[in-house]
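Hello,

I am passing a structure on to you, with some notes on what turned up in it. Please have a look at it first, and then read on below.

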Amino acid sequence: MTVAGCSSVSQGGYYWGNYSVSYFEMVKDRSPETIAKRISALEEIIEQSKERDLRVPPGIYAELGMFFVEDGRKEDGMVQFENEIAVYPESKPFIERLVSRLP
């Protein structure tokens with residue numbers, strides 16, 4: 001029964017929150033509203049992970065960074081890419097390649 005209270009925390013110890021639902025909604029109907037909900041879900045995952053003393057799941061910072069870049073907030077996006085590398089150093093080659101292709 002205690003597991004029910006932590007249903008958003010995976011066996012790997014990551015807090016995923018509303019990740020799947022917000023992703024599905026955005027893919028189903030990509031609109032400014034669903035993108036805003038997706039960004040909010042990603043920010044909530046980061047916040048809740050920190051509050052629960054959990055590592056932010058892989059890819060969350062990078063995805064949030066891409067949304068910021070797409071919105072014209074390149075500096076904010078770069079901060080998120082740096083966060084991804086700090087938490088997951090193995091992502092550095094991918095993030096560097098991604099950044100090299102940004103407009």
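This is a predicted model: local features need pLDDT of at least 70, side-chain atom pairs count only at pLDDT 80 or more; totals for chains, interfaces and linings use all residues.

Residues are numbered from 1 along each chain as its sequence is written, and side-chain values use heavy atoms, with hydrogens and water left out.

Two aromatic pairs are present in the structure. Rings of Phe, Tyr and Trp (its six-membered ring) pair if their centres lie within 6.5 Å; planes under 30 degrees apart count as stacked, over 60 as edge-to-face and the rest as tilted. Tyr14 and Trp16 make an edge-to-face pair, 6.3 Å centre to centre with 70 degrees between the planes. Trp16 also pairs edge-to-face with Tyr19, at 5.1 Å centre to centre and 70 degrees between the planes. Together, Tyr14, Trp16 and Tyr19 form one aromatic cluster.

Arg38 lies over the face of Tyr19, 4.1 Å from the ring centre, and the charged end of Arg73 sits over the ring of Phe68, 4.0 Å from its centre. For this, NZ of Lys or CZ of Arg must be within 6 Å of the ring centre and within 35 degrees of the ring normal.

Phe68 also belongs to the largest nonpolar core, which has 12 residues in all, including Ile39, Leu42, Ile46 and Leu64. Such a core is a set of buried Ala, Val, Leu, Ile, Met, Phe, Trp, Tyr and Cys residues joined through side-chain atoms within 4.5 Å. H3 and H4 each supply at least two residues of this core, and H4 gives the most, with five residues. Helices (H or I, at least four residues) and strands (E, at least two) are DSSP runs, numbered from the N terminus.

Finally, have a look at Asp53, in the loop between helix H3 (32-51) and helix H4 (60-70). Asp53 is not a glycine, yet has a positive phi of about 60 degrees. Asp53 is exposed, with a relative accessible area of 72%.

Best wishes

How values were computed: Buried means under 20% relative accessible area, exposed over 50%, partly exposed in between (1.4 Å probe, protein chains only).
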